[in-house]
Structures are given as structure tokens and as C-alpha cells.
Amino acid sequence: MARRKPEQVRLERLLRLIAALIDTPRFLSIEELHQRVGISRGEDSAGYPENGSAAKRAFHRDMNQLAEAAIPVISGPVPGQERETWGYRIRKQDYSLPEMDFEADELAALHRAATAVRFDGVSGSEALWKLGGRVGEGTDAELAAVPVHPALADLFQAVTEQRVAEFSYGGQSRSVQPWTLAFDLGHWYMVGHDQGRNDKRTFRVDRIEDSVTLGQPGGFEQPEGTAGWVPLQPWKFGPGPAVTARLRVDAGQAVWAARRLGQEPSEKDSDGSAVFEIAVRSPDAFRSLVLEFLEHAEILGPPDLRADMVAWLERFGR
């Protein structure tokens with residue numbers, strides 16, 4: 001059986017600590033919390049060291065992590081002690097979410113949204129029941145199926161905590177500073193700085209081989225503006241084949257359009273306007289994209305997409 005990563009062991013210990021802090025009506029001393037969390041029986045075992053001073057140091061590191069995560073731990077005197085002893089707890093009302101109290105039409109909208117996008121291996125039904133039950137009809141028109149890859153959790157952690165990620169890709173070892181993650185055309189992608197090649201690279205997550213090893217938090221500084229390098233493009237999601245749309249954007253919006261679309265124009269006119277060729281699987285999402293530019297964009301083709309936009313605008317204007 002493969003050994004667990006140190007960060008996985010620390011996470012389990014933190015979860016045990018949170019559970020102990022919540023599941024008590026009074027303040028618990030450090031020693032009591034050590035007993036409830038448990039003693040580590042090796043590097044692969046979650047718990048505190050047997051050595052008292054080492055256990056206290058680990059406990060205070062854990063408390064600092066909870067504070068950084070804005071988890072509301074409060075402190076106070078432990079009752080029944082001969083000498084004053086300070087303890088800790090989390091009040092359930094401070095940690096729990098308030099009741100949502102959704103109206104029936106809001107629950108119905110959530111039900112349709114939860115059935116429109118499928119995350120492989122993940123069901124939204126349990127969450128819907130906790131929010132008040134499934135109201136109204138779901139939808140059989142699945143807009144997208146989003147795969148969940150085993151490496152995603154580690155990569156999201158690497159991006160948010162700025163940890164260097166090491167993994168095997170294409171049969172070669174890679175050491176990457178991950179800048180951003182995005183879902184595009186049915187696949188997850190990671191963009192970052194490949195330290196071995198000293199260059200920006202894009203990696204398809206489902207092609208990562210074996211597991212991902214993470215470095216320490218704050219292992220690099222993310223460059224300015226990198227979060228938008230792989231933009232989410234919902235007009236590319238959909239069950240049908242892609243059609244190539246031609247969109248002309250006025251000169252004043254051309255640079256922003258290139259950033260929004262994540263591509264350079266296929267043509268540039270003498271007046272500075274630009275023509276982009278865009279793969280479209282969802283006409284509704286493409287219409288929303290065009291509306292972002294207001295009167296500064298025009299669909300040149302194909303005729304069906306142009307007619308769809310004209311018909312929608314005519315209905316809206318009645």
C-alpha cells in the first residue's frame with residue numbers, strides 16, 4: 001500500500017482537531033485535545049507526537065493554520081482545575097452555516113442547474129436535500145460533463161498555496177510552478193512555469209502520470225495577470241459538433257476580445273477592427289459572449305448563428 005503524503009497526514013490531524021473542538025460543551029486543555037486527536041504511530045499516521053514538548057509545538061502550528069483559515073476557535077479557562085488552565089473549543093453556531101430558507105422557485109432552479117452539469121463520480125442530490133429537497137423537474141439536456149481527475153485536488157492546493165508541483169508527464173519528470181487551472185473542451189489544464197525548461201507550459205491534467213508531489217507553501221511568487229491565461233469558454237461546451245463562428249469586433253474592443261477569447265484574430269481590417277474564428281458548441285453561451293461587446297461586435301457567420309441572434313434580439317425588443 002502506498003504511503004500517504006505528509007500534507008495528507010497533516011490534513012487528517014487538522015480534521016480530527018476540528019472535530020474535537022466542535023464536539024465539546026466546554027473548553028478543552030491541550031493535553032485533552034492531544035488525547036482526543038490521538039498519538040502518531042509513525043510518519044504515515046495522523047496524530048500528535050508522544051513527546052510532550054514536540055506535541056505542543058505541533059499543536060500550536062495547527063492552531064495557527066486554523067486561524068489563517070478563519071476557523072473560529074475561542075479560548076477560555078478549563079473548569080474543574082486546581083490551577084488556572086487555558087483551553088479551546090469551537091462553538092457549533094459559529095462554525096455551522098445558517099439556514100438557507102430557499103423559496104420553492106429557487107430550489108427548482110438549483111435542481112435544474114445541478115442536473116445540467118455532471119461531475120464524474122459526484123452527485124449533487126445529497127446537497128440539494130440538505131438545502132431543502134429537490135423541487136421541480138431536473139433537466140435531461142446535459143450541458144456539460146466535467147471529469148474529476150485524482151490529481152486535481154493536489155493541483156488546486158498547489159495553485160492556491162503557491163506550492164511547486166512535481167509529477168511525471170510524457171514519461172519525463174516535471175517540476176512546475178502552477179499558476180492557474182481551467183476547464184476547456186472537456187479537459188482540465190494547468191498553466192505554469194516549468195522549472196526544468198525555464199518556460200511557461202500548459203499541461204493536460206488527465207495526462208499526468210502517477211501522483212503529484214507538492215513542495216512547501218509559498219514556494220514561488222505568481223506573476224501578475226496569470227489567472228486569465230486559460231479563460232473559461234462556456235460556448236465550447238455542448239453535446240453537438242462544433243461550428244466555426246466568425247465574429248467581427250470593433251477596433252476599440254479588439255485587444256480585450258483577444259484576451260477574452262484566448263486567441264489572436266484571424267483577420268484585421270484597415271479600420272482596426274478584428275475578425276475572430278471561434279469554435280462554438282453552445283449557441284446560447286455564444287450569444288451571451290457576443291452581448292458582452294454590446295454594439296461593438298457583429299456575427300458574420302455562419303448564417304444559422306447570425307439568424308439565431310437576430311431572432312433573439314427581435315423577441316427581446318417586442
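Colleague: What percentage of the 318 residues of the chain count as buried?

Modeller: Quick caveat: this is a predicted model, where local features need pLDDT of at least 70, side-chain atom pairs count only at pLDDT 80 or more, and totals for chains, interfaces and linings use all residues. Residues are numbered from 1 along each chain as its sequence is written, and side-chain values use heavy atoms, with hydrogens and water left out. Buried means under 20% relative accessible area, exposed over 50% and partly exposed in between, with a 1.4 Å probe and protein chains only. On that scale the buried share of the 318 residues is 37%.

Colleague: How many helices and strands does the secondary structure come to?

Modeller: Both kinds of element are DSSP runs numbered from the N terminus: helices are H or I with at least four residues, strands are E with at least two. Counted that way, the chain has 10 helices and 13 strands.

Colleague: Which residues of H1 and H2 make their contact?

Modeller: The axes of H1 (residues 6-22) and H2 (residues 30-37) come within 9 Å and cross at roughly 120°. Contact means heavy atoms within 4.5 Å. From H2 come Leu33, Arg36 and Val37, and from H1 Arg13, Arg16, Leu17, Ala20 and Leu21.

Colleague: Why do the buried residues of H8 sit on the same side?

Modeller: H8 (residues 254-261) buries Ala254, Ala257, Ala258, Arg260 and Leu261. An α-helix has 3.6 residues a turn, so residues three or four places apart point the same way.

Colleague: Which residues is Gln157 in contact with, leaving aside neighbours within four places in sequence?

Modeller: Gln157 is found in helix H7 (residues 152-161), and at 21% relative accessibility Gln157 counts as partly exposed. Its C-alpha is 9.3 Å from that of Pro217, 60 residues apart along the chain. With those neighbours set aside, the contacts of Gln157 are Glu7, Gln162, Arg163 and Leu214.

Technical notes: Axes are lines fitted to C-alpha atoms, for helices over the stretch in contact, and angles run from 0 to 180 degrees between N-to-C directions.
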